[in-house]
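Good morning, and thank you for making time for this presentation. Please look at the sequence and the model on the screen while I speak.

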Amino acid sequence: MYLSTQLRTLEQNLTGQPLPRNWRADHPAFDGVDNIGTLIGALRDFTRQDRADRIVLALLDMPVGRRPHVEPNTVLLIALSSRLRAAHRGMPAESSDDLLADLAALLCEPGLAVSLEGRGRLCEVLTRRAGRRHQRRHATRQRHADHFTPTDAHHFDWMIGTNLHGEQEDTIVNRLALADFRTAVNDGIDRGEISPTQWTHYINGVLLPALDLPEPAVKAGTRINIPRARHSVANHIHQALAA
């Protein structure tokens, strides 16, 4: 069952549930709200954004894990899920679930309420943040998938065949080091320490020739700066491969 389906079922089960008495006692934002359904409706009301903002901050301010009826973050996730689906209409169910998971992770971040102080239209702000987080994560995953990196283990199968002493332990160590190197480089690209262009130049100008693999075709006029590419990954080489 998809997460989106589970949330809709949970909303149906919670709609008529009375609002815990201590919620209204703790926060005046809940004045006039009798049940969970009314609270969710208030968060989805585009005509009363100021009221929705107060409720968002109140829910984020409440402690979790000690409310016997329903968690504040769960109510907020249910209420915002419809906005998220509307903003990303047509998305496959699997991707929609990933998006909801990003929203749930965002709502659990410490200091979230502080980051929203002084801002308005908070329901919209939160759904936009979750959408951007999902897009960044998807772009990173796609970028890693698109990069051909000749440090994959199958490119080094010849090591076992040419190891005259049968010391496969060395091969395993080398493969682990290469895997660490690739992970370190991908992380460096994500942090902006290495540009994708520099890494591509390093692959085409250094790794492929070293493995006697054919170099890809390069557009005419493209300048490949191999020394700069070597310098950009030198620290990662030292950390992962020097030993």
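This is a predicted model: local features need pLDDT of at least 70, side-chain atom pairs count only at pLDDT 80 or more; totals for chains, interfaces and linings use all residues.

Arg 121 is located in the loop that links α7 and α8. Its phi angle is near 55 degrees, which is a positive value in a residue other than glycine.

Let me turn to the chain as a whole. The secondary structure of the protein chain consists of 12 helices and 0 strands. Of its 243 residues, 37% count as buried. If we take the contacts between residues at least 6 apart in sequence, 60% of them join residues at least 24 apart.

Which residues touch the most other members of the largest nonpolar core? They are Trp 23, Phe 30, Leu 39, Leu 59, Leu 76 and Leu 126, in a core of 39 residues. At least two residues of this core come from each of α1 (3–14), α3 (36–43), α4, α5, α6 (93–107), α7 (112–116) and α8 (122–146). The most is given by α5, with 7 residues. There is also a second, separate core of 12 residues, and Phe 181, Val 206, Leu 208 and Ala 229 are included in it.

The structure holds 1 aromatic pair. The partners are Trp 23 and Phe 30: their ring centres lie 5.6 Å apart and their planes are at 35 degrees, so the pair is tilted. Trp 23 has 0% relative accessibility and so counts as buried. Phe 30 is likewise buried, with a relative accessible area of 0%. Leaving aside residues up to four places away in sequence, Phe 30 touches Leu 19, Trp 23, Arg 24, Leu 39, Ile 55, Ala 58, Leu 59 and Met 62.

With a relative accessible area of 26%, Glu 71 is partly exposed. The C-alpha atom of Glu 71 is separated by 9.0 Å from that of Leu 59, a residue 12 places away along the chain.

That brings us to α5, residues 72–87. The 16 residues of α5 reach 23 Å from the first C-alpha to the last, close to the 22 Å expected at 1.5 Å a residue. Where is the kink in α5 centred? It is centred on Leu 80, and the angle is about 30 degrees. Leu 80 is among the buried residues of this helix, as are Leu 76, Leu 77, Ile 78 and Arg 83. Arg 83 has a further feature: its charged end sits over the ring of Phe 46, 4.2 Å from the ring centre.

I shall stop here, and I welcome your comments.

Notes. Residues are numbered from 1 along each chain as its sequence is written. Side-chain values use heavy atoms; hydrogens and water are left out. Helices (H or I, at least four residues) and strands (E, at least two) are DSSP runs, numbered from the N terminus. The expected span of a helix is 1.5 Å times one less than its number of residues. The bend at a residue is the angle between axes fitted to the seven residues ending there and the seven starting there. Buried means under 20% relative accessible area, exposed over 50%, partly exposed in between (1.4 Å probe, protein chains only). Rings of Phe, Tyr and Trp (its six-membered ring) pair if their centres lie within 6.5 Å; planes under 30 degrees apart count as stacked, over 60 as edge-to-face and the rest as tilted. A charge sits over a ring if NZ of Lys or CZ of Arg is within 6 Å of the ring centre and within 35 degrees of the ring normal. A nonpolar core is a set of buried Ala, Val, Leu, Ile, Met, Phe, Trp, Tyr and Cys residues joined through side-chain atoms within 4.5 Å. Contact means heavy atoms within 4.5 Å.
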